[in-house]
Amino acid sequence: MANDASVVSDTRSPAVSNGSLADPFIPPADSTLWRKNFLLGAATASYQIEGAVNEDGRLPSIWDTFSATPGKVLAGDTGAVACDHYHRWEADIDMLASLGLEGYRLSIAWPRVMDAAGAPNRQGLDFYKRLLNRLKEKGITTFVTLYHWDLPQHLEDRGGWLNRDTAYRFTDYTDLMSRELAGTVDAWATLNEPWCSAYLGYGNGHHAPGLADGRFATQAMHHLLLAHGLAIPVLRANDPASQKGIVANIGRGTPNSDSAADQRAAHLFEVQHNAWILDPLLKGAYPEELFELWPGTEPLILDGDLQTISAPLDFLGINYYFRSNVASDGAHGFREVPLEGVERTQMGWEVYPDGLRDLLTGFHSTYHNLPPIYITENGMASDDKVIDGHIDDTQRISFLKRHLAAVDQAIKAGVDIRGYFLWSLMDNFEWAFGYERRFGVVHVDYSTQKRTVKRSAELVAKFLKERKAQV
């Protein structure tokens, strides 16, 4: 899940600016989404769904520590049980397959598969082997993320992502996983959303491990990206048939006015949210404007690091949720200015599909070596209620329809986009917001662990069935 730090107090407006809420989900006949080679799937993350945090040799993670710290997570929630997926994975995969979803993006819990000395934990490895083998039996394309924020606590105790050694320990972990799981993974993503890990975890403290220092954020980011770069050749050697990439969350910043200062502020917002990650990956350099925005935060970079980080990618995963309206802060930065009267989700985030299209087409123009793209997360939270056994998540249906239309527009503008993953398959532990915010297309009753398919999932399944039936 992407940045959940910027929450607006008033949640939703019923206004929908682009189409009727009653519109069917099915894309128009000329949509590129009807292509059978356009992958449509759903995504989850280990800490958000698995639970079983103390079972079968799993070690503590930074999120176990953070969520157990009073005041860090809404209502004191933790991922100790979550969706109990560790015990219910077979039924969950059957549910995924029954919806006709063609791809599944999951993450591996690093603390579940290795001990503190770096030796493999066979019970944890066997869990993922069973899971991936079942997915392959069902004909579902597998996207596996190696790091979705649940760093082993023993590594954080030695400095976490502030310690360069963590990048080398990640390489060891990558080597183990890619040797053990070779042949069952169609696409490997090294990291999920390094912006969140670095900025929310080390820059403002909203996420684990809860540190707050600008210099920490940039150094953590450098070591995260170094870990990614070191992992790519290991993945290529151990599992050559798979795709290799990384997942970045992106943010659209739009100016609050036509003034030059606000235009500059919007540009700096996107430097901080997008170029901070994409420039080193695709240009082999950090954007200089980042350190004008955050003076004195330049990370320690050793010779060869940026060459390692900018290793060629087979794909780039893109996570998108909302835009931010920004103005100049009167100095050299920006401040967010929430707009009135716009549609918002349960998170308080503005629904703005055009932002996804604009960012994708902008990246296509800016980065001439832009790899093929998968939208690896897109979705929204709503306060879904089960009524007479059904959930009519009308706003989500409209949200998905409009964001898929934005993807279609970007494809028609020349961007090579090959798939889209709903966030999320099911309601889950939403990091600092615990279990209150529901992103799933399947509802989870956390007291009984009952799964109930929402109307949005039914309509996605209907589209996939119709597409598959095409001659």
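Okay, helices here are DSSP runs of H or I with at least four residues, strands are E runs of at least two, and both are numbered from the N terminus. With that in hand, take helix H13, residues 353-366: Arg357 and Asp354 both sit in it, three residues apart, about one turn of the helix.

Before I go on, a word on what we're looking at. This is a predicted model, where local features need pLDDT of at least 70 and side-chain atom pairs count only at pLDDT 80 or more, while totals for chains, interfaces and linings use all residues. Residues are numbered from 1 along each chain as its sequence is written, and side-chain values use heavy atoms, with hydrogens and water left out.

Back to that pair. Arg357 and Asp354 form a salt bridge, with the closest N and O atoms 3.4 Å apart. By salt bridge I mean a side-chain nitrogen of Lys or Arg within 4 Å of a carboxyl oxygen of Asp or Glu. How many of those does the structure hold? The count is 39 salt bridges.

Let me pick out a couple more. Glu180 bridges to Lys129, with the closest N and O atoms 2.6 Å apart. Glu180 is in helix H7 (residues 165-180) and Lys129 is in helix H5 (residues 122-137), so this pair ties together parts that are 51 residues apart in sequence. Is Glu180 buried or exposed? Glu180 is buried, at 19% relative accessible area, while Lys129 comes out partly exposed at 24%. The cut-offs: buried is under 20% relative accessible area, exposed is over 50%, and partly exposed is in between, using a 1.4 Å probe and protein chains only.

Then there's Glu270 with Arg252, closest N and O atoms 2.8 Å apart. Glu270 belongs to helix H10 and Arg252 to strand S6 (residues 252-255), so here the parts tied together are 18 residues apart in sequence. Both of these residues are buried. And if you like networks, salt bridges link Asp384, Asp393, Arg396, Asp427, Arg438 and Lys454.

A nonpolar core is a set of buried Ala, Val, Leu, Ile, Met, Phe, Trp, Tyr and Cys residues joined through side-chain atoms within 4.5 Å. The largest one has 133 residues, and Trp63, Trp161 and Trp276 are among those with the most contacts inside it. H10, residues 260-282, gives the largest share of this core, 11 residues. Counting contact as heavy atoms within 4.5 Å, Trp276 touches residues including Trp195, Met221 and Trp294.

Now the strands. Five of the five residues of strand S1 (residues 39-43) are buried, so S1 is largely enclosed by the rest of the structure. Two strands count as paired if DSSP finds at least two bridges between them. S1 pairs in the parallel sense with strand S11 (residues 417-423), over five bridges, and Leu40 has Tyr420 as its bridge partner there. S1 also runs parallel to strand S2 (residues 103-107), with three bridges, and Ala42 is partnered by Tyr104.

Last stop: an open sheet of three strands, ordered S6-S8-S9, with mixed pairing. S6 and strand S9 (334-336) are at the edges with a single partner strand each, so one side of each has no neighbour in the sheet. Strand S8 (residues 323-328) and S9 run antiparallel, joined by three bridges, and Ala327 stands opposite Arg335. Our friend H10 packs on this sheet, touching S6, S8 and S9.

Notes
Axes are lines fitted to C-alpha atoms, for helices over the stretch in contact, and angles run from 0 to 180 degrees between N-to-C directions. Lists of a residue's contacts leave out its neighbours within four places in sequence.
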